[in-house]
Each structure stands twice: as structure tokens, then as C-alpha cells.
Amino acid sequence: MGMAVASVDLLSEKAAMMRESLQKSQTITDNVVSILGSFDHRLSALETAMRPTQIRTHSIRKAHENIDKTLKIAEVILAHFDQFRQAEAKIREGPHEDLENYLEAIDKLRSNIQFFGSKRDFNSTDAVISHANNMLAKAISNLEDEFKQLLSSYSKPVEPERLFDCLPNSMRPSSGSPGLEGDPSGKNPSHHHSDLHNNNADAVVYTPPALIPPRILPLLHDLAQQMVEAGHRQQLLKIYRDARSNVLEESLQKLGVEKLNKDDVQKLQWEILEAKIGNWIHFMRIAVKLLFAGERKVCDQIFEGFDSLSEQCFAEVTTNSVSMLLSFGEAIAKSKRSPEKLFVLLDMYEIMQELHSEIEALFKGKACTEIREAAMSLTKRLAQTAQETFGDFEEAVEKDATKTAVTDGTVHPLTSYVINYVKFLFDYRSTLKHLFQEFEGGDDSSQLASVTMRIMQALQTNLDGKSKQYKDLALTHLFLMNNIHYIVRSVRRSEAKDLLGDDWVQRHRRIVQQHANQYKRNAWAKILLCLSIQGLTSSGGGSGTGGGDGGTGSNSGASRAVVKDRFKSFNVMFEEIHQKQSQWTVPDSELRESLRLAVAEVLLPAYRSFVKRFGPLVESGKNPQKYIKYTAEDLDRMLGEFFEGKNMTETKR
């Protein structure tokens, strides 16, 4: 019990101590709060006292910042004014002495205009900008003059010799003329094709000339760029066109290009026209591969970065020159058609085909559309005219009414002309392929074979008509034999053999033989009757009177007078045949010898037999040499004079 009371007393004592501590803590807290309140009051008073000073300090700092900013702006403005004065001074000097710095001055002037344009809040800005714009306009005007002067001074016509030096060696003319001479006969087809194709077979390299020195092109480019940026595209285009267009035309004129229309072409003799066409083919190559290619390069470099302007300038510079060239081609295509023009038309068509891809590449873009279309139009017109001329030729061959007299039965000029014509067709097989595909379709080989056969048939039809002019049937068949043999031989020696085939060749060889047989029948049948025993013996020429030893006893039934008449008739007829047929011609030596041999194989045995059998009747009488004038050897020798075309005079046919 005592222990419990002690514990309570202890707790009470501790509680009393805690109350006392709390009271002291509250007193301290109250004191601190009182002190803090007093301090806050004094701080507020201090802030109130310092606020005016702070405001003045902030204003001073802002003022310094504004002053710094203004000074910096002023420095920039002054720097631009300084640039402006320098640019103005340079522009007043002009571009001629120092073009590079002049262009820099223009750039600085543009920069100043842009700068002051953004500072509209400054006084006098408008006046500065106006003055700068006036200076810029003057500067660009000076640039236009400089561009024009520089371009004009370096734009000179290209001399032909310089162009020839740019050609491949195989195409350079040996003399002053770039063309090939035409065939003066006017009968043989053009030779330009084979010559040009031989040239094309070489490793050809075309090197376009530098129409303007390379060192000048960058200057012209810089000038052009400034003018474009100043909005002077049209002025630039006009200056460039006026300077370069005339120079390009003069270069072509120096070369020999003429602007001829259809009437001009129609008045020219064929020999002159053919030569001009050959030259035109060369001119087209030179113009496209050298002059136009060089002009394109100049345009691209001067107007680099301005593709549409480059194309427009190139189109306007070349339009007249292209027109000058194409007008001649159009005039030829539209002129009156004639067979000899077919091959030059094909030559012209070929060069247009050859240059097609280059024309498309050079004259690219919308601005050159008309030029490309004009070139394509000429190509198609040449193809169409060639096709029509082809048809005309076939018809002309069949209906040819040439009055040229071939009194000796030799190969007619029409035959050799047509065969040469057909031979030349095979030089144009690839070209004809395009024509046949474009106008007729189908395989080119079969089309060419069909056309060739039709031409051959047309020729034979015409020859049949011409052969009927002869009154002597023997000469009729000799004429047909000669001409068809010439056709067959020519075909066998050319590419036409593979096209027409062996059957065609064999069939026409048989026709040649048939005419040879008809010639022998018509020329020699009558004279061979003189050597027949028919009508000389009582048995009417039975086999019992043939052979024998030639004695009078074996021909007791033959009349001496009739035998004499037979010998006289034979002599007269043979002499007449000899006189005529030694004037006739078989130009092929093998055919000539073959025909002589065929006649000799029939005539000489018959003559020997007749002389052996009936000669004694004449030899026993007076003047036997009057009747037996020739030995078989004499006849053989005289046959050797046949078909030589000797002593050609006006003879009856």
C-alpha cells in the first residue's frame, strides 16, 4: 500500500514539471512572435524607402539596352549606306572594265533595296529605295548593252572549211564543194546512196565547233542570269535571237544552202537538181550534227538554270535556218514525180530517218514543237512521194512508148535502165522496209519480191509490144531473146536471184531458149527448103534418092535446071541473111556463139549433104562456081560474122 502511494506522488510531481515547461515555452513563443512582427514592420518601411531608387536603376538599365540596340542598328544602316555608295560608284563606272565586280555591285544593290524595304519606319527610306531602284535599272540596262556587245562581237558565221574539219575524214570533200556530183546522163539512178552508206560504215565521229569561245560563255551566263533576275527575259530573248539567228543563217548560206520553192526546183535541169539534192543531204548532216548541236550547247551553257528560256532561245534562233533546209526537201517532195527521182527521194528519206533521234534530242521541249513536227512532216511526205513514184515507175515501165529504134535487135535502153533501177532497189532494202511497213504492212522481203516481179512483168509486157514493131519475125524473136537473156543474167548476178528464186530464173531461161528456137525457125526455115531433096527427084524426095556417092547416076531423076535454081536461090538468100544478120546484134558473147553454133549445126550438114548429092549435076555443066559459090567452110566463116552489129545503116525491119 505504501508503494502505490509513492508511485502516485512521483507521477504528480512529473506532471507539475511538464506544466511549468509548457508555460515557459509559450512565453518564449509569444516573445518571438512579437519580435518578428516588429521586424516585418521595419522591412516594409525599408522597401517603401528603396522603391524610387529601384525604379531609377531599371530605367537606366533599359536606357543603356536601347542605346546599344540603336547603335547596332545604326551600324548596320551605315554599313548598308556604305555598301550602297560603293555599289553606286562601281555601277557608274560601267561593266566593261571589271564585269565581275560590276555584277557583285548589282548583288549588293539588290541586297540594300531589300534591306531598306524592310525598314519602312525610318525617315527617308522611300527616297533611298527609289534612288537604289533607279541605279539598279541603269545597271541592268548597262548589262543588256554589255551582253549584246559581247555576244555580237563573238558571233561570227562559221566558214565551210572549219565545218568540214569537224566532219569524219571519210566525209570531208576533196574539193571546195561538200556535195557529190550528179550523174550527167540523167538515166542512171542516183549514186549518192551507196557513197553515203560506205561513209556510214566507217567509225564516224562528229565534233561540233565552238561557236562562241568557251572562256566567254561563263561571262554571258552571268549577264543573262542578272537580266533574268531583273525580269528582263524578253529583252534577253530578243538580243540573243537577233545576234545568233542571222549568224546561223549566214553559216548555212556560206555552206551553199539555198531556199528554193517548188517552182524553182521545177525549172532546174535534172543534172543540176540531182547535184543539189546530193549537197542538201550533206548540208542536213552538217546542220544537225555540227551547227545545231553547237548552237544547242551554247544555249544550254548561257542559260544554265533556265531550261525553258534556253529552249525558247534555241527554237527562235534555229527556226529560220531549219525552215531554209526543210523548204528544199518539201519542194522536192511536192515537185512533179518522175522515175529518176525515186532514188534521190529515198536518199532524202534516209537522211531524215538517220537524223530523227538527234533532231528529237536537240529540239526538245514545247518551244521546239513546231520544228520537230516540220521535220517529221517532211520525212512522211518524202516517204509518201517515194511510194507514189514507185507506183508510177511500175506503170511507166509497162506503158513506156520510147521511140528509140533498136534496129539491130540488141538490148533495149529501157531494159538496161529498168534492170539498173531494180539493182539499186536492193541498196535500199532497209529503207524500203520502212516504206512497205508504213504504207502496205507485211514482210519487207515478200513485198520487195512482189514489187520486183511486177516490175519485171511490166518490162516484159512492154518488150513484147516493142518486138511487134519488127517486120522480120526472126528479128522479133532475136530482140526478145536478147532482152530476156539480159534480164536473167542480171538477176543471176545480183541479190534479186535470192528474192525472185531459182524457179523464176529457170522459167525465164526456158523463155530465152524458146525465142532462140523461134529465131532459127523463122530465119532459116525457108533457106533450108532450098537444100531439101523434095521436088528434085521423080520419087518426090524418097529416101531411095538420098545418100549415094554423088554421081549423076544416083540423081538421074533430078533436073539440072531445078538444081541450079536451088543453088542460085540458096546463094541469094544466104547473102541476104548474111547482110542483114551481120548487122543484127547479140551483145552477150556466150549467147552469140551459142546461137551461131546452133545455126551451123543445122545449116552446114544440110549444105554439105546437098552439095555432095546434087553438086555433080552442076559441076559437069558450064560455070559451076556460079552456082556453087561457097564451101561449107566459107559458110562457117561467114556465120562467124553474124550478130556483130557491123556497118549499121538504115535497114528495113
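Me: How is burial judged here, given that buried means under 20% relative accessible area, exposed over 50%, and partly exposed in between (1.4 Å probe, protein chains only), and is P587 buried, partly exposed or exposed?

Reply: P587 has a relative accessibility of 43%, so this proline counts as partly exposed. The model is a predicted one, in which local features need pLDDT of at least 70 and side-chain atom pairs count only at pLDDT 80 or more, while totals for chains, interfaces and linings use all residues. Residues are numbered from 1 along each chain as its sequence is written, and side-chain values use heavy atoms, with hydrogens and water left out.

Me: Where does P587 lie, and which residues is P587 in contact with?

Reply: Helices are DSSP runs of H or I with at least four residues, numbered from the N terminus, and P587 sits in the loop between α19 (560-581) and α20 (589-619). Contact means heavy atoms within 4.5 Å; neighbours within four places in sequence aside, P587 is in contact with T410, V411, N482 and R592. V411 is 176 residues from P587 in sequence, yet their C-alpha atoms are 7.6 Å apart.

Me: At what angle do α13 and α16 pack?

Reply: Axes are lines fitted to C-alpha atoms, for helices over the stretch in contact, and angles run from 0 to 180 degrees between N-to-C directions. Helix α13 (residues 413-425) packs against helix α16 (residues 473-492) at about 15 degrees, their axes 10 Å apart. Because angles under 35 degrees count as roughly parallel, α13 is roughly parallel to α16.

Me: Which residues of α13 and α16 meet?

Reply: From α13, T415, S416, I419 and K423 meet N483, Y486, I487 and S490 of α16.

Technical notes: Helices (H or I, at least four residues) and strands (E, at least two) are DSSP runs, numbered from the N terminus. Angles under 35 degrees count as roughly parallel, over 145 as roughly antiparallel, 65 to 115 as roughly perpendicular and the rest as oblique.
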